[in-house]
Amino acid sequence: MIALETHDLTVTYHKRPVLYGVDVEVEAGSLVGIIGPNGAGKSTLIKSIMGVVPHSGGWVKVFGKPLADNLHRVGYVPQRESVDWDFPVTVMDVALMGTYGKLGLFGRVGKRERMIASEALDKVGMLPYSKRQIGNLSGGQQQRVFLARALAQDSDLYFMDEPFAGVDAATESAIIELLKEMRECGKTVLVVHHDLQTAREYFDHLLLLNMRLVAYGKTDEMYTTELLQKTYGGRLTILDEVAERAAKTPEAKHEI
Amino acid sequence: MMELDQDSWWMVGMSFLVALPCALLGVFLILRRMSLVGDAISHSALPGIVVAFAFVGDLSSPWLLVGAALAGLLVTFLIEQIHRHTRIKQDSAIGIAFTSLFALGLILIRVIIGDKVHLHQDMVLEGNLQHVAYAETVGVMGLDVPDSLIPAAVVAAGTVILMIIFYRVLTLSSFDSGLAASFGYKPAVVHYGMMAVISVVVVSAFEAVGAILVIALLILPGATAYLCTHRLKLLLVLSVLHALVSSVMGMYFSVWLNGKESAGVVVAGTGLFVLAWMFGPADGVVIKAVQRRNRKLDEV
């Protein structure tokens, strides 16, 4: 089954295209890493799929239907820095926000929602902190709360924007365990990811992006020098060369 | 102990009725970092009122509220347009948009209303609670209530009801507009909806406290409560409490010093803010000093 299908997805900011013609089909049950250099449009891609950023062309289908018809099956985890962590809400409040999507506009938060939120917090090991104000958490804990909120959404398809940014090693491995568990349960997860090294072990599929779709496929097939160079515009080798030269001539430092 | 006469208590009531919706909305203005937009709306309401007055010719007509609400929406729209389509940032855009509309309002007062009607510029700026004392009364539940309290009560009740209904939407879209948008809550609708309600509230507060002091009613309660708690629901309750206490204290102030009532309310509110700044249980100066000391002792 196809969980996500985009056709010719194009996004422009101030009349400048930042993403063009993205065609991709993601099988349900995939754990996908979205990889590319800074400014490649990785966040923009998932935001435009979610309808948070409007697209100027193309279309998106989720489980065979337009996004609007299947909104409740899609979960979104924005970048941690995108929100104000001084906001006067507790860990529990944030986890509860995950249930808002299914509650609709006028539903009330009740026992059922609290149960769902508690379970989700428990899963990421944040239940003991549920009464804490979110500002009094470490970066890793904040990211876990965001994940708990996503779990509380109970969606089939998830988009996560840099969930590993600025978290400690323990949280990183806890998150990846959780993502793999979600995949086992048949969920489809797309993750914007920065680190090329870890991408190989974390994800079963990679989406290589640099304003256009460079390639999409199984991780092993994507990990070729040619494709990665195409994605990073040859910058990888340049960096390698610079690093190599610097290593060979330690005096070079002084010249700079 | 100084005694307040009945008229003064009606003024306290009026002051609280306009301060209550301001306090609730102000909490969300602060959380959305849009406090200055409240400033903009309160000033740009003026041309809306004047133009509406030109059509209906009656200063107590509810159409003035509609005109002011439209002007409030216009100024928020202008701010959005300026900062989205030019390199001008939002703070400058606010400075341009509301002063222009306010100036336009001042000119329109002369052109449209002239000297026919009692709409003084200083009244527009600082309001006057004493209207309550001279107002006609209507019987409500056996009490002779000054009639100007009725629309204020309706606006206050309406705001409270809207707040209860849309509490979740407002909270989520203020905290995480991305997730809110992914749930299908349209950020633009939430934004302009809130601005429309603020416009109505600000205008209903106009006669009582004027365009400048209403900004204090919007910001002070929420800011004070913010220093006292980190829980949103409690924060809203505390901001309402602030509105109530500063209305009562302000009236005592103004009777004691024989000063202007609306200014007394704001000065009292500022006093409460300073208290919270010093002794606020969440972020006060004292509690922070104690926490620092404890931390140092722990380290030793």
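Colleague: What should I know before I start clicking on residues?
Modeller: This is a predicted model, where local features need pLDDT of at least 70 and side-chain atom pairs count only at pLDDT 80 or more, while totals for chains, interfaces and linings use all residues. Residues are numbered from 1 along each chain as its sequence is written, chains are lettered from A and ligands numbered from 1 in the order in which they are written, and side-chain values use heavy atoms, leaving out hydrogens and water.

Colleague: OK, chain A. How many helices and strands are there?
Modeller: Chain A has 11 helices and 10 strands. Those are DSSP runs numbered from the N terminus, helices being H or I with at least four residues and strands being E with at least two.

Colleague: Why call chain A as compact as a globular protein of its length?
Modeller: Because its radius of gyration is 20 Å, close to the 18 Å that the globule rule gives for 256 residues. The radius is taken over C-alpha atoms, and the rule is 2.2 Å times the number of residues to the power 0.38. Along the principal axes, the C-alpha atoms of chain A fill a box of roughly 65 × 45 × 40 Å.

Colleague: Now the sheets. What is the order in the one with 4 strands?
Modeller: That open sheet runs β2-β1-β4-β5 in chain A, with antiparallel pairing. Two strands pair if DSSP finds at least two bridges between them.

Colleague: And which are its edge strands?
Modeller: β2 (16–27) and β5 (65–66) of chain A, each pairing on one side only. Further in, β1 (residues 2–13) and β4 (residues 57–62) of chain A share 5 antiparallel bridges, and His7(A) sits opposite Trp59(A) in β4(A).

Colleague: Which helix lies across β1, β2 and β4 of chain A?
Modeller: Helix α1 (residues 42–50) of chain A does, at about 110 degrees to β1(A). Angles run from 0 to 180 degrees between N-to-C directions, with axes as lines fitted to C-alpha atoms, for helices over the stretch in contact.

Colleague: What about the sheet of 6 strands, what is its pairing?
Modeller: Mixed, in the order β6-β7-β8-β3-β9-β10 of chain A, and this sheet is open too. Its edges are β6 (74–77) and β10 (212–218) of chain A. β9 (residues 205–210) of chain A pairs with β10(A) in the antiparallel sense over 6 bridges, and Lys218(A) is the bridge partner of His205(A).

Colleague: Switching to chain B. At what angle do α2 and α3 pack?
Modeller: Helix α2 (residues 35–56) and helix α3 (residues 63–85) of chain B pack at about 135 degrees, with axes 6 Å apart. That makes α2(B) oblique to α3(B); angles under 35 degrees count as roughly parallel, over 145 as roughly antiparallel, 65 to 115 as roughly perpendicular and the rest as oblique.

Colleague: Which residues of α2(B) and α3(B) meet?
Modeller: Among them are Gly48(B) and Phe53(B) in α2(B), and Trp63(B) and Gly72(B) in α3(B). Contact means heavy atoms within 4.5 Å. By class, 14 of the residues are nonpolar, 5 are polar and none is charged. Nonpolar covers Ala, Val, Leu, Ile, Met, Phe, Trp, Tyr, Cys and Pro, charged covers Asp, Glu, Lys and Arg, and the others, Gly among them, are polar.

Colleague: Last one: how do α7(B) and α9(B) cross?
Modeller: The axes of α7 (residues 149–175) and α9 (residues 187–226) of chain B come within 12 Å and cross at roughly 155 degrees. These two, α7(B) and α9(B), are therefore roughly antiparallel. The contact of α7(B) with α9(B) has 9 nonpolar, 3 polar and no charged residues.
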